[in-house]
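Dear colleague,

Please find the structure below, handed over for your records.

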Amino acid sequence: MSMTTAKPDQSRADNAHIEIKPAVLYVGTPVVLITSLNPDGTTNISPMSSAWALFDRIVLGLTATSKGRENALRERQLVLNFPSPAERPKVEAIAPTTGRYPVPRHKADIGYRFESDKFDASGFTPQEADLVRPLRIAECPIQFEAEVVASHDPGGEWPPERREAFQIIEVKVVRVHAHRGIVIPGTNHIDTTKWSPLLYVFRHYFGTGPDLGRTFKAEV
Ligand SMILES: Cc1cc2nc3c(=O)[nH]c(=O)nc-3n(C[C@H](O)[C@H](O)[C@H](O)COP(=O)(O)O)c2cc1C
């Protein structure tokens, strides 16, 4: 194995990049619609995007005052529903809402309203899950039924000027549903020519572009 002899290029580093202080660090992750069970047995929908997968686990970042976080920690069950770009209008229809009543002050100040039935408000269709109680969202081509296995608070010091804290919630996926139209027939593989996530990039929605090729580990 050879060692790199490359030296940092100071002149290029100084010119090509500038320091900025962006309001958010959302470089681009899929939108996930978290469905969770309300205390009255109805299902809430929380749009979110701070989610990533490791084996059968998904790690979620949910703000402290969200109804979805409260429901997740009480019921220990969720469904993670992944919309495609076509569902963007339905997602945005419930973006300025919360299932929490009364609406937390910092959300009311920027126009959030209480919404008790987000299926009705969005036009999404409810669908029973197999192993957990929150309903699935029929329009989402990929749906993960999941159980909460761990949660923790933000580490370090949380600056008091930040509007809201959050919690990291780790879930274990217990069942995966994929629309038959995006599955390679007779296999457990997603056909990546048929599936495309709705991405959230610095607070804008995007679909994905052309396939740039597979990684060395891809089976198909
Ligand atoms: C596209 C999108 C991505 C979002 N990402 C997150 C997120 O990762 N974590 C989070 O807590 N809230 C996120 N939000 C904000 C929540 O949707 C918002 O707090 C909402 O009121 C939660 O609903 P609930 O209080 O009924 O759970 C996102 C909103 C949108 C529209």
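In strand S12, Glu-170 is the bridge partner of Val-59. This pair belongs to the antiparallel pairing of S5 with S12 (residues 166–178), which extends over seven bridges. Two strands are said to pair if DSSP finds at least two bridges between them; strands (E, at least two residues) and helices (H or I, at least four) are DSSP runs, numbered from the N terminus.

The model is predicted, and local features need pLDDT of at least 70, side-chain atom pairs count only at pLDDT 80 or more, and totals for chains, interfaces and linings use all residues. Residues are numbered from 1 along each chain as its sequence is written, and side-chain values use heavy atoms, with hydrogens and water left out.

S5 also pairs with strand S4 (residues 51–54), antiparallel and through four bridges. Leu-54 is found opposite Arg-57 of S5. The two strands S4 and S5 make a hairpin with two residues between them, and Phe-55 in the turn has a positive phi of about 50 degrees.

Turning to the ligand, strand S3 (43–48), strand S5 (57–63), helix H2 (67–75) and strand S7 (97–98) each contribute at least two residues to the shell around the ligand. S3 gives the largest share, four residues. The ligand has 21 residues around it, of which Ser-46, Pro-47, Thr-98, Gly-99 and Lys-118 come nearest; a residue is counted as near if one of its heavy atoms lies within 4 Å. By type, the shell holds seven nonpolar, 11 polar and three charged residues, where Ala, Val, Leu, Ile, Met, Phe, Trp, Tyr, Cys and Pro count as nonpolar, Asp, Glu, Lys and Arg as charged, and the others, Gly among them, as polar.

Oxygen atoms of the ligand lie 2.8 Å from a backbone N or O atom of Ser-50, 2.7 Å from a backbone N or O atom of Thr-63, and 2.8 Å from a side-chain N or O atom of Lys-107. The protein buries 91% of the 640 Å² that the ligand exposes when taken alone (Shrake-Rupley method, 1.4 Å probe).

Elsewhere, an open sheet of three strands runs in the order S1-S13-S14 with antiparallel pairing. Its edge strands, S1 (29–30) and S14 (204–206), each pair on one side only. S1 is joined to S13 (residues 199–201) by two bridges, and Thr-29 has Tyr-200 as its bridge partner in S13.

Key: A polar contact is a pair of N or O atoms within 3.5 Å; within protein, one must be able to donate a hydrogen and the other to accept it, and residues adjacent in sequence count only if both atoms are side-chain atoms.
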